[in-house]
Amino acid sequence: MIFILTFSVKRLIIENELEQSDRSAPKPGESARSTAVTEEKDQAAFYQKRKEESSMEKKNIDWGNIGFGYIQTDYRYVSYFKNGAWDNGQITTDANIVLNECAGVLQYAQTIFEGLKAYTTEDGHIVTFRPDLNAERLEQSAQRLEMPVFPRDRFIDAVNQVVAANEAFVPPYGSGATLYIRPYMFGSNPVIGVKPAEEYQFRILTTPVGPYFKGGAKPITIRVSDFDRAAPHGTGHIKAGLNYAMSLHAIVSAHKEGYDENMYLDPATRTKVEETGGANFLFVTKDGKVVTPKSSSILPSITRRSLVYVAKEYLGLEVEEREVLLSEVSDMAECGLCGTAAVISPVGKIVDHGKEICLPSGMTEMGPVTKKLYETLTGIQMGRIEAPEGWIHVIK
Ligand SMILES: Cc1ncc(COP(=O)(O)O)c(C=O)c1O
């Protein structure tokens, strides 16, 4: 009896939740007019709620001690693509996605994504860093996988909306933590013959993440991988889930062997440095030049492009973007991996099939040039150093 009662109450709650999520999530297939009216009402209610919450305290999270994992936040953004058009998009509370068993993303991995951060600057603003470049890169990824483009201005607006909604999860200045923003898009309708899907979802989830390096950046040891990351003329230059699925075996085996990361070489000749599974390389020569590999099969890292600008325009360094041979790495003074997660991770040692290449910068600290680059770029991001026009997008 008690069981039946509990079950019925649970069912009621679930049904109620379903009803609520039905109300908040526009269904593909609803008429444009009725969707727009519902969205207008939902958005008005949403902003009213946000207004009431705006004096709300930050979430009770130990910001200095969270790791790089998923912590569910209150709001996410979703827009549906159907009949050749994106709907208006909206903020929702439901973190779960229900898909048909034959959805394009499940069968043929038609999914792309981006990664950026929102953080609190020294003067208390919530900002993002160069989101226009993430919008542009998502567009390039979509085109390569025959997916519809989510307009760049709408991408930036959606990022703003979802960060503002989750303001309580944006870590305070000085905590070292940030709100990681993950825009992603996938084919959602059933596809059994190999072809692009016709319906898509563009979504953005957010999750607070801790400082990448607790207690300061320690140089890492990487190995030259026997696995390839990207085929010539393949998909290495876009941010598609498929590139990461195939890197999992390589990273698990690198970790098993005691290495932090893989250095991938160009698959055609295996003589040139490409990148790691999640970051571009940046080297410093013994005469203080910054050198970064140029290749059509690496992901165009926004951090690397920003560091190149900082090196030239802020630090007056000479920069070369060119092919980098594995054979010249042993002559380098410093090496770092650049990406959104850590900005720069210093590399102390590279192991090429038993042959150790020990960078003169050593295993205890970042090299001096890498450190200057790191401090300047993080200074720009945090509002301590004046940013180039358009780099910092203030949300609040
Ligand atoms: C393969 C790969 N290379 C490089 C990067 C660094 O790119 P960004 O600086 O835009 O984060 C990432 C991370 O996004 C990545 O996944």
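Colleague: Which residues of H4 are buried?
Modeller: In this predicted model, the buried residues of H4 are Pro 131, Asn 134, Ala 135, Leu 138 and Ser 141. Buried means that 20 or more other C-beta atoms, placed from the backbone, lie within 10 Å of the residue's own. Helices (H or I, at least four residues) and strands (E, at least two) are DSSP runs, numbered from the N terminus.

Colleague: Where do they lie around the axis of H4?
Modeller: They are on the same side of H4, because they cover an arc of only 125° around the axis. The arc is that of the directions from the helix axis to the C-beta atoms.

Colleague: And what follows H4?
Modeller: Glu 146 does, and its phi is positive, near 55°.

Colleague: How are residues numbered, and which confidence limits apply?
Modeller: Numbering starts from 1 along each chain as its sequence is written. Because the model is predicted, local features need pLDDT of at least 70 and side-chain atom pairs count only at pLDDT 80 or more, while totals for chains, interfaces and linings use all residues.

Colleague: Turning to the ligand, which residues come nearest?
Modeller: Of the 14 residues around the ligand, these are Ser 301, Ile 302, Thr 303, Gly 339 and Thr 340. A residue counts as near if its C-beta atom, placed from the backbone, lies within 6 Å.

Colleague: Which elements give two or more residues to that shell?
Modeller: Helix H8 (302-314) and strand E14 (332-339) do, and H8 provides the largest share, 3 residues.

Colleague: How many helices and strands are in the protein chain?
Modeller: The protein chain has 9 helices and 17 strands.

Definitions and conventions
A residue is buried if 20 or more other C-beta atoms lie within 10 Å of its own, exposed if 12 or fewer, and partly exposed in between; C-beta atoms are placed from the backbone.
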